[in-house]
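Take a walk through this structure. Begin with the backbone, then turn to the side chains.

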Amino acid sequence: MKKSLLILLCLITASSWAQKSQIESAALYFNNIEMEDAKKSIDAAFEHPDTKDNLKMFYYRAAIYDTIFTSEKFKSLDIDAAEKWALAARRCLELDKKELYKELMEYNIVNAAFACNTAAYEANK
């Protein structure tokens, strides 16, 4: 019984740690400008219950989708990158109780909104 409980506890801990490592992987891929892998890692972290409200995850999600949307090279990775960028920046701002990323995320929200409006205007020309 004790052995089973210990194994279950180890598996739960390993699962949580594995998802946090997805955030670290996304950060490393982002810093190395490997955007396809960065997107896969941050999307996996976004979907997982252990990291879905993680401040660092939203910080990197905003940065990754900002790069995807604003770079012609990576724009094709996600057609909804501007919206995901804005939503990630907004959620990061909501979770950031110490205001570590406040200025940067406010700047990101304004830029993402402008980018969405510009894209909508260009599509309707």
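A residue counts as exposed when its relative accessible area is over 50%, as buried when that area is under 20%, and as partly exposed in between. The model shown is predicted.

Start with the backbone at I33. I33 sits in the loop between α1 (2–31) and α2 (35–47). Its relative accessible area is 56%, so I33 is exposed. The phi of I33 is positive, about 55°, although I33 is not a glycine. Most residues other than glycine have a negative phi.

E99 lies in the loop between α4 (81–95) and α5 (102–123). Here too phi is positive in a residue other than glycine: the value for E99 is near 55°.

Now step into helix α2, where S41 is found. Is S41 buried or exposed? The relative accessible area of S41 is 7%, which is under 20%, so S41 is buried. Which residues does S41 touch, leaving aside those up to four places away in sequence? They are Q22, S25, A26 and Y29. Q22, S25, A26 and Y29 fall within the range of α1 (2–31).

C92 has a relative accessible area of 0%, so C92 is buried. How many disulfides does a search of the whole structure find? The search finds 0. A disulfide would need a pair of cysteine sulfur atoms within 2.5 Å.

How values were computed:
Residues are numbered from 1 along each chain as its sequence is written. This is a predicted model: local features need pLDDT of at least 70, side-chain atom pairs count only at pLDDT 80 or more; totals for chains, interfaces and linings use all residues. Side-chain values use heavy atoms; hydrogens and water are left out. Helices (H or I, at least four residues) and strands (E, at least two) are DSSP runs, numbered from the N terminus. Buried means under 20% relative accessible area, exposed over 50%, partly exposed in between (1.4 Å probe, protein chains only). Contact means heavy atoms within 4.5 Å.
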